[in-house]
Amino acid sequence: MQILRSVFFFYYNGLRNMTIFGRNLWKLVIFKVIFLVIIANFLFPNLLKENFNNDTDRANHVAENLLNPGK
Amino acid sequence: MFEFLSLIDWSRAQFALTAGFHWIFVPFTLGITYIIATMETVYFFTGSEFWKKLTQFWTKIFAVNFAVGVATGIILEFEFGTNWSNYSWFVGDIFGAPLVIEWLAAFFLETTFLAVMLLGWDKVSKRFHLASAWIVAFGGSFSAVWILIANGWMQHPTGMVFNPDTLRNEMISIWGVVSNPVALTKLFHAISSAITLASVVVIGISSWYLLKGREKEFAYKTIGLVAIFGIIGSIMNIIAGDLAGKDMAKYQPMKVAAVEGLYDGGEYASFAPFAFFGAQKADGTRDVLWSIEMPGVLSWLLFGDTSAYVPGIRDLLQWDPARGIVSAPERIRNGKIAIESLRQYKEFMKNGNVKDAQNALNNYKKYAADFGYGYFDENNLGELVPNVPFLFWAFRYMVGLGFFIALFFPLMWWLARKRTLEKCRPVLLFGLILIPFVYISSELGWAVAEMGRQPWIVYEVLPTKAAISATNATTVALIFFGFFIIFTLLFIAAFRIALNQIKVGPQIAEKETPENEDDENDTPAEVPAAKKVIARKTPVRKQAAKKEETVTEKPAPRKRTPKKQAE
């Protein structure tokens, strides 16, 4: 418990006493996290996971694409 | 609106943009962490505050780089799922595991201990802090191991077997994947070039201080140490580059032929330092308009024998039974049989016709080695040849600069040792100017590896054009431009934060330099009377340092000046 407490206060105090430099870095990191969450959810769907329920259907879909190259 | 490029071109452009942006930050992170850990090791053993400040300063520059670079690689994984779904499925078992390990290593190992490096001064023991610095250094390389294993597999697939029922490659030997010779060479090359790049950047910034007449002791000590890193990195680079060339000759002969602009191979193959090419013709070749050639040198570089045979592009496309090379048109025909046989197998299995399915499967296995060639047209062999002029010049830029900076590091080390760098302003200026050039070289090195593999996404197994998803080219193009804007903004923000930090400088007072620290320990009376904090010499630093202090940090307790001590 003491270790957990130490770890918590290590980060808590460290983040509270951040310099301008540290704050700017965190702004960048937060911007990036928001950016990643947006693109992951809205711009980049995992097509095979979203459009098919099981691996058999996914395999059949890929087979349709790969084994009919002239189509 | 975006029809001037096809879906595959936009998908590749988007991937290249993301990977290229990610790659700006990766090598510096990989390289500088070893430099920082070494600086902290000096601090640990000497107890010198000077080396502590050095470590703290470069840790901040590293932190900026890390904050912008980390996680941009994840976008590549999103792109796999959306734009490259056939590829994701086809290689999933091989590619997925190393990427997950890489992701976990990068996030949990590096970020945890980077926090200790940044926040843990005087809060954790010196020993633990030092251990954290080394863990971050090795953690970075550890995560690179996995991404390069995945990439090495794309260059030279090993340790896998293709399952015709699921259409997936399945790992049969983790050791086969991990011990892939191409992956190991790539890892060695990536780390050596990262150390070289980081050394150039650190020396460039230190040169700027000397040009400005600031932080002299800091700059001299940094250059003295980091030039040694640069020398080691450059030597490793030359060895790794040589090994990579030999790997290419063995596993990717078309890439070697393209990089060397070698259309007609043979024994005593020539190395051409300079060459200019005409437009590509229907058969996939180009005219070499002008070149300087050194006979036998390429054979020697690749096989250690000036008389060794090196196949050219024409040899690889056409029949050469004496060398065991099957013509590209024949492989294309074989590939088409393999694809058709596999299609029939799936069809027969679906209908429960096991006997015919088995025959179709046997037929597929007979031609399976040429499966990927079945996606090409034997009347358009140019598709099988990568972009020769780009690869030729990109490779020469990278290697030329690599050799050049291998000479630059000993010069910087020598001048730093003699403490005459300030008198050599052109050398300092050159050290500063070198920074963007080394980044271009790093990007081109990556481009040579990836564009040289084209038209394959998995070398001679799956072509890039078969790997894409049936998405909308306009959507992919719009996301490309969106990413371009956001990446540019992120880069500018990171550049400005780093630049501000560089302007503030390491804030090392003259009395904290190693020489003066020793004096202080010996006899206080010998301390020079005119001790001034260098940090307050220039207006820019004064403003920036003041700003930092007022908002965040408590000012350090003011020590009595020597003058007062004398009084």
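1. Let's start with a crossing in chain B. Helix α7(B) goes past helix α15(B) in a left-handed crossing. Keep in mind as you look that this is a predicted model. The angle between the two helices is about 155°, and their axes are 8 Å apart. An angle over 145° counts as roughly antiparallel, so that is the label α7(B) and α15(B) get. To see who does the touching, colour B:L197, B:V200, B:V201, B:G204, B:I205 and B:W208, which are among the α7(B) residues in the contact. On the α15(B) side, the partners include B:L428, B:L432, B:I435, B:V438 and B:Y439.

2. Now look at α7(B) by itself. It runs over residues 181-212, and its 32 residues reach 47 Å from first C-alpha to last, close to the 46 Å expected at 1.5 Å a residue. Is α7(B) mostly covered or mostly uncovered? Mostly covered, with 25 of its 32 residues buried. At its start, a side-chain oxygen of B:N180 comes within 3.1 Å of the backbone nitrogen of B:V182. Just past the other end, B:G213 has a positive phi of about 70°.

3. After the helix comes B:G505, with a positive phi near 80°.

4. Most residues other than glycine have a negative phi, and most peptide bonds are trans. B:D122 isn't a glycine, yet its phi is positive, about 65°. You'll find B:D122 in the loop between α4 and α5 of chain B, and it is exposed, at 69% relative accessible area. B:E460 has a positive phi near 60° and isn't a glycine either. That residue sits in the loop between β5 and β6 and counts as partly exposed, at 25% relative accessibility.

5. Where is the cis peptide bond? It joins B:Q454 and B:P455, with omega about 10°. B:P455 belongs to the loop between α15 and β5 of chain B. It is also one of the residues touched by B:P463, so that proline is worth a visit.

6. B:P463 lies in strand β6, residues 462-463. Buried or exposed? B:P463 is buried, at 0% relative accessibility. Besides B:P455, B:P463 touches B:G372, B:Y375, B:F376, B:W456 and B:I457, leaving out residues up to four places away in sequence. B:R453 is 10 residues from B:P463 in sequence, and their C-alpha atoms are 9.8 Å apart.

7. Don't skip B:R396 in helix α14(B), residues 388-418. This arginine is buried, because its relative accessible area is 12% and the cut-off is under 20%. A polar atom of the B:R396 side chain lies 3.1 Å from the backbone oxygen of B:F392. Further along the sequence, B:R396 touches B:V259, B:E260, B:F271, B:A272 and B:P273.

8. Finally, zoom out. Chain B has 20 helices and six strands. Of its 567 residues, 54% count as buried. Among contacts in chain B with a separation of 6 or more, 77% link residues 24 or more positions apart.

Definitions and conventions: Residues numbered from 1 in each chain as written. Chains lettered and ligands numbered in written order. Heavy atoms only, no water. Helix = DSSP H or I, 4+ residues; strand = E, 2+ residues; numbered from the N terminus. Expected span 1.5 Å × (residues − 1). Buried < 20%, exposed > 50% of the residue type's maximum accessible area, 1.4 Å probe, protein only. Polar contact = N/O pair within 3.5 Å; in protein donor to acceptor, adjacent residues only side chain to side chain. Axes fitted to C-alpha atoms, helices over the stretch in contact; angles between N-to-C directions. Parallel < 35°, antiparallel > 145°, perpendicular 65-115°, else oblique. Left-handed = near helix turned anticlockwise from the far one by under 90°. Contact = heavy atoms within 4.5 Å.
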